[in-house]
Amino acid sequence: LHSNTEVSCVFMESCILPCSFQSGADPVIHWIKETEGNLYVHSFYRNQDQLGLQDQYFRNRTSLFKDQISRGNASLQLTGVEVQDQDRYRCYTNTIRGEESSFINLKVDAPVSKVKILRVENRIICSSEGIYPEPDLTWSTRPPSNLTLQNQTSIQQTEQQLYNISSSLILSDSETDLIYICTISTRSNSRRAALFKPSECEKFSSSTTVIICNICMSCKHPNIRKHHHDAFRDTSTDSLSFCFREFNQS
């Protein structure tokens with residue numbers, strides 16, 4: 001028996017589950033998903049794929065590297081990875097040299113891809129969609145403040161078992177010059193977005209920074225990209241307008 005190996009796969013992408021064995025004549029290979037009643041994922045013997053026992057869930061999603069089997073490579077390629085694929089897998093091989101088994105713990109990640117932030121009246125709403133595993137959301141300010149950031153966060157899980165997260169923060173009436181930063185994190189990555197006044201936008205001049213102004217007329221800096229989507233426009237009833245900046249967690 002080989003020790004467990006952990007493999008991280010990205011949601012809806014292809015992933016390779018590694019497996020090696022002592023090469024020999026007439027190899028038999030079985031890939032089995034263990035913790036759901038030993039589902040057959042992929043089988044190979046008599047020098048060809050044998051998919052009669054393959055669970056329908058894996059149909060047209062698995063393949064071996066057939067040109068490398070003779071060299072002891074029984075690795076499995078799994079396409080269109082879904083959250084339901086997260087599990088413990090067994091790679092069983094049998095040749096004239098004997099039997100071998102190795103185990104793969106497959107973990108699925110759907111990283112935080114985009115953070116949306118906008119102002120609605122006296123609240124700031126921060127959200128992101130299609131994340132796995134369940135993310136964390138935190139609020140902070142720049143400069144740091146002793147304010148208690150009053151917020152309410154909700155998380156919903158989709159049919160694909162991905163997570164959508166949204167948080168609403170009540171703006172402070174006493175400190176109007178703060179930059180509000182929303183950070184959404186998982187085990188695989190972290191992204192942040194900030195909301196601040198147009199006057200603060202002028203301080204950012206990096207050409208690699210994407211800054212979206214909620215009211216396009218109020219941003220005149222050449223490195224501030226105008227955005228005309230209603231979701232990013234300031235819907236407040238007062239004269240204050242804010243800008244939005246999204247960036248990777250450093």
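## A buried cysteine and its disulfide

C9 is buried, at 1% relative accessibility; buried means under 20% relative accessible area, exposed over 50%, and partly exposed in between, with a 1.4 Å probe and protein chains only. The model is predicted, so local features need pLDDT of at least 70 and side-chain atom pairs count only at pLDDT 80 or more, while totals for chains, interfaces and linings use all residues. Residues are numbered from 1 along each chain as its sequence is written, and side-chain values use heavy atoms, with hydrogens and water left out.

The partner of C9 is C15, and their sulfur atoms are 2.0 Å apart in a disulfide. A disulfide is counted here when a pair of cysteine sulfur atoms lies within 2.5 Å. C15 is buried too, with a relative accessible area of 7%. The torsion about the S-S bond of C9 and C15 is about -65°, so this disulfide is left-handed.

## The other disulfides

By this rule there are three disulfides. A disulfide is a covalent bond between the sulfur atoms of two cysteines. Another one joins C19 to C91, with an S to S distance of 2.0 Å. It links distant parts of the chain: C19 is in the loop between β2 and β3, C91 is in strand β8, and they are 72 residues apart.

The torsion about the S-S bond is -75°, and the link is left-handed. C126 is buried at 0% relative accessibility, and C182 is buried with a relative accessible area of 0%.

## The four-strand sheet

Strand β11 also belongs to an open sheet of four strands, in the order β10-β11-β14-β13, with antiparallel pairing. Two strands pair if DSSP finds at least two bridges between them. β10 (116–120) and β13 (151–157) stand at the edges with a single partner strand each, so one side of each has no neighbour in the sheet. On average, neighbouring strands of this sheet are turned by 15° against each other, direction ignored. For such angles, axes are lines fitted to C-alpha atoms (for helices, over the stretch in contact), and angles between N-to-C directions run from 0 to 180 degrees.

What joins the strands of this sheet? β11 (residues 123–131) pairs with β14 (residues 163–170) in the antiparallel sense over seven bridges, and in this pairing I131 stands opposite Y163 in β14. β13 and β14 also run antiparallel, joined by seven bridges; here N151 has L169 in β14 as its bridge partner. β13 and β14 form a hairpin with five residues between them, and Q161 in the turn has a positive phi of about 70°.

## The three-strand sheet

A further open sheet has three strands in the order β2-β7-β6, again with antiparallel pairing. Its edge strands, β2 (15–17) and β6 (62–64), each pair on one side only. The twist averages 30° from one strand to the next. β6 and β7 (residues 76–78) run antiparallel and are joined by three bridges, with Q77 in β7 as the bridge partner of S63.

## Salt bridges

Side chains of opposite charge can pair when their charged atoms come close. A salt bridge is counted when a side-chain nitrogen of Lys or Arg lies within 4 Å of a carboxyl oxygen of Asp or Glu, and the count comes to six. Among them is the pair of R88 and E34, whose closest N and O atoms are 2.4 Å apart. R88 is in strand β8 (residues 87–95) and E34 in the loop between β3 (28–33) and β4 (39–45), 54 residues apart. R88 is partly exposed, at 27% relative accessibility.

K66 forms a salt bridge with D49, the closest N and O atoms being 2.8 Å apart. K66 lies in helix α1 (residues 66–69) and D49 in strand β5 (residues 48–49), so the pair ties together parts that are 17 residues apart in sequence. K66 is partly exposed at 47% relative accessibility, as is D49 at 25%. D109 and R187 meet in a salt bridge of 2.7 Å, N to O. D109 is buried, with a relative accessible area of 7%, whereas R187 is partly exposed, with 45%.

How values were computed: Helix = DSSP H or I, 4+ residues; strand = E, 2+ residues; numbered from the N terminus.
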